[in-house]
Amino acid sequence: MASITVSHLTKVFPNGVRALQDVDLEIRDGEFFALLGPSGCGKTTLLRTLAGLEVPAAGQVRIGDRDVTRLPPGARRVAMVFQDYALYPHMDVVDNIAYPLKIQRVARVERRQRAAETGANLGLQGMMDRRPAQLSGGQQQRVALARAVASHPQVFLFDEPLSNLDARLRMEARTFLKRLHAEVRTTTVYVTHDQAEALALADRMAVMEGGRIRQVGSPVDVFHRPANLFVASFIGGTPMNLLDAVVEADGVRVGADLLPLPPSARGLVAVGDRVVLGARPEYAELHHQPVAGGLSARIAIIEHLGTAYLVDLESPAGPLQVVVPEDEPPTAGVAVWVTAHAARSLLYRRDTGELIGTGAPAARPAAAVPAAGADGSE
Amino acid sequence: MATTHPTPDPTPVSDTRWLVRALVARVQLYVFLALVAAFFALPMAWLVLSPFDSQPSLVAGLSHPTLGNFQDMFRNPAVITSLLNSVLLALGTMLVVVAAAALAAYALSRARVPGRNIILYVLLLFSSVVTGSAAMVPIFLLAYDLHLINTITGVILVLAGGLLPAAIFILKDFMDSTPASYEESARVFGAGPFQILRDIVVPLVRPGLAVIAVWTIVTVWGSFLTPFILLRDPTLTPASVQIYSFYSAGGTANLRLISTFGLLYTIPVVVMYLVVQNRYGFRFYGGLKR
């Protein structure tokens, strides 16, 4: 087990693409750390650089107390699970799991026994003599995990290991991964483009965009206090409503309506500041009568989500979405007024896109964030 | 053929005419195909039948059935020696080609070499020159200076040199189509290049290796010019050159010996082809069945 320290890491591909730009990151010992971002943001490149499969142009990677920047992949004591699992089609399950041990020159009988044990722990008993092609996607994924576990690494590196599974299996595999991590407590770096996966699995996470890290924090931090407009629009099952607004003496003006100033920004903005008001659809409410601090809108489209309705609204300030509980079925076409939980609303500078407000994780010293992610103090 | 549109709607008369015409066309096609088939099948029939005829001619047939030809042939000690020499030559060249092509194709498939494809195409182009008749004099001189005249090693090296570019070309395609993640995961677990080649890449491209191995054996088995020029000692002569000795000094062919030896010479290649086809199946492209 080991911590990982990345400093000033820069990676430039031969075609000139700057995949990583001066990345600094600290991953703690035993932590489940998610790297999240849209495709092309550099998350996989960062993971591959940790593995040693990519050589950085500048910067340093430390695993534990060793500088591994110039070490070949095999000398770093990491194990990687690939998106396509990279199971060897010509070996059966035991040989696949035992392959790292074979490289470590463990004797054949012992490595097969250890592989069988690891496989059994991961629910693969009875499949040991099958070929990967004879396994389901979920089983293949477990074999890949077992192979990583069997090699006893200091660090697990996961490159979107769940993205080749169908939706139901993915949920099961997610729980399985979390349980596995709770058991082995090996430092884990997990790359994903699925924000729900990152929020569900990670102790802490980093959101990346364009080769840079845009926010680091616990899932609760990142969900409740996205540090900038990019993270705000990227995180969340339904995208956050982001409305252009101007600060006035007694609130923020959105279009013709005056909304209350989010308490987190109180005292940090001046009248006339151009800002963006952010409120998640889950933290907004619909009213059928005009209310103070409400935004006037009209219901355009209603999507049924099972336990709730996602209502698409048209307002003078632009389109927005609100989640409504299932026992209040809305009607399309009617005029409504929207209020947002003031305590859950956020204000961003329109020019820089940065969050306004104290207690934003980016502004907090990193050491002050508890690993358990006990937040919720507004 | 001219198409006829005499009436806007087909009458029973034109229907019959159409049927007759279709029938004639079909008969013509079969006659043509039969002729083509016979053209290729007759030499085969000659090869299979003549060894069992005590007075073979250039006509395929079995006028005087006998097994005496085989007795006569095996009385000639050069026959078995030459077949063994052919086996040695074919297996030796096959080993050199497969080993060298596997290493070269792997390197060319994985390493970033500027102008890699141009190098490959130029090699492929020149390979036909190397074992062709145009380069025979320089090759003879080179072999002479290296003291490789009259050695099996010399013939193996020259033949392998001629076959390698195409073998590398075929094998590189197989290597290219194995996913990089297989090797990357092995690298992360600490495997070195030769371990990866042995444990991962070679098992995955085995169909490709089978293709170039068989192709090398067949080519060497049938090659005449290179062993004919480089080997002077009759005890080293392979079967392909041995056939040439079944002529009298005046140039008359001894058809009994030639046909019998010809059959014997063909059988190993056919058997090998069937065995490999059954066990591995030939594929001339890369890609994996997972």
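Residues are numbered from 1 along each chain as its sequence is written, and chains are lettered from A, with ligands numbered from 1, in the order in which they are written. In this predicted model, local features need pLDDT of at least 70, and side-chain atom pairs count only at pLDDT 80 or more, while totals for chains, interfaces and linings use all residues; side-chain values use heavy atoms, without hydrogens or water.

**View 1. Confidence across chain B.** The model scores ipTM 0.79 and pTM 0.78. Helices are DSSP runs (H or I, at least four residues), numbered from the N terminus.

**View 2. Helix α3 of chain B.** α3(B) has 34 residues. From first C-alpha to last, α3(B) reaches 50 Å, close to the 50 Å expected at 1.5 Å a residue. That expected span is 1.5 Å times one less than the number of residues. At the start of α3(B), a side-chain oxygen of N76(B) comes within 3.1 Å of the backbone nitrogen of A78(B).

**View 3. The interface of chains A and B.** Here 19 residues of chain B are in contact (heavy atoms within 4.5 Å) with 26 residues of chain A. The two chains bury about 2,000 Å² between them, counted as accessible area (1.4 Å probe) lost on being put together and summed over both. Carbon and sulfur atoms carry 62% of it.

**View 4. A salt bridge between the chains.** The rule finds 2 salt bridges across the interface of chain B and chain A; each needs a side-chain nitrogen of Lys or Arg within 4 Å of a carboxyl oxygen of Asp or Glu. One of them joins the side chains of R48(A) and E184(B), at 2.6 Å from N to O. On the side of chain B that touches chain A, α7 (180-188) and α8 (193-204) each give two or more residues. The largest share, 7 residues, comes from α7(B).

**View 5. Residues 359-378 of chain A.** Chain A averages a pLDDT of 89. Over residues 359-378 of chain A, pLDDT stays under 50. The model has 24 contacts beyond four places in sequence for this stretch. Where pLDDT is low, predicted coordinates should not be read in detail.

Note on methods: A polar contact is a pair of N or O atoms within 3.5 Å; within protein, one must be able to donate a hydrogen and the other to accept it, and residues adjacent in sequence count only if both atoms are side-chain atoms. pLDDT is the predictor's confidence in each residue, from 0 to 100.
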